[in-house]
Amino acid sequence: MGVPLASNDKQVMEIHGKVLEVCAPETRQFKTKDTGEEMQYTSRTVIIDNSRYSPATGDRIENLLPVVFSGRYLDQLNSLQVGAEVKVTIYPKGWRSQRDDGSAFYGVTLRGFEVSTMAPTAPTATPARHG
């Protein structure tokens, strides 16, 4: 369904989960550093619910992952439905920024490249206890 990356990219990962939200496209205008030419950049974020349950306690461990798609990878999101079970190919892009006080902070953006719908998994049945 998606556009594959070059096969030699070793930092590509896959995540699985349920589509929680498909956000509207965002377009930003900017000027290139070298020529000052006006450019635009369009991206779209998909929120993937990658939550799991603790095997020890049974408690839900929430894990909501915003995945950002851009450029040639945007079209595949047009048919994506909220609630769909998906496999998403991502590239984690780390970055550093600076606060007003001069201290650094770091973050990670999950860049999406391919998304494919998976067959829903059946919930695991808990065997009935007979006492």
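**Tyr91 and its surroundings**

Modeller: In this predicted model, the side chain of Tyr91 makes a polar contact with the side chain of Gln11 at 3.1 Å (N or O atoms within 3.5 Å, one able to donate a hydrogen and the other to accept it, with sequence-adjacent residues counted only if both atoms are side-chain atoms). Numbering runs from 1 along each chain as its sequence is written. Local features need pLDDT of at least 70 and side-chain atom pairs 80 or more, whereas totals for chains, interfaces and linings use all residues, and side-chain values rest on heavy atoms, without hydrogens or water.

Biologist: Switching to strand 6, why is it described as largely enclosed?

Modeller: Strand 6 covers residues 64-70, and five of its seven residues are buried, so the rest of the structure largely encloses it.

Biologist: Which strands does it pair with?

Modeller: Strand 3 (residues 38-49) is joined to strand 6 by seven bridges and runs antiparallel to it (pairing takes at least two DSSP bridges), with Arg44 bridged to Phe69 of strand 6. Two bridges also join strand 6 to strand 8 (residues 104-117), and those two strands run parallel; here Val68 has Arg111 of strand 8 as its bridge partner.

Biologist: And strand 1?

Modeller: Strand 1 is joined to strand 7 by six bridges and to strand 3 by four, running antiparallel in the strand 7 pairing and likewise antiparallel in the strand 3 pairing. Gly17 is bridged to Val86 of strand 7, while Val19 is bridged to Ile48 of strand 3.

Biologist: New topic: how many aromatic pairs are there?

Modeller: The structure holds two aromatic pairs (ring centres within 6.5 Å, using the six-membered ring of Trp; planes under 30 degrees apart are stacked, over 60 edge-to-face, the rest tilted). Tyr73 and Phe113 form an edge-to-face pair, 4.8 Å centre to centre with 90° between the planes, and this pair links the loop between strand 6 and strand 7, where Tyr73 sits, to Phe113 in strand 8, 40 residues apart. Tyr73 is buried at 9% relative accessibility, and Phe113 is buried at 10%. The rings of Trp95 and Phe105 have centres 5.9 Å apart and planes at 85°, so that pair is edge-to-face, and it connects Trp95 in strand 7 with Phe105 in strand 8.

Biologist: Last one, where is pLDDT under 50?

Modeller: That applies over residues 125-129, for which the model has zero contacts beyond four places in sequence, whereas the chain averages a pLDDT of 87 (the predictor's confidence in each residue, from 0 to 100).

Conventions
Buried < 20%, exposed > 50% of the residue type's maximum accessible area, 1.4 Å probe, protein only. Contact = heavy atoms within 4.5 Å.
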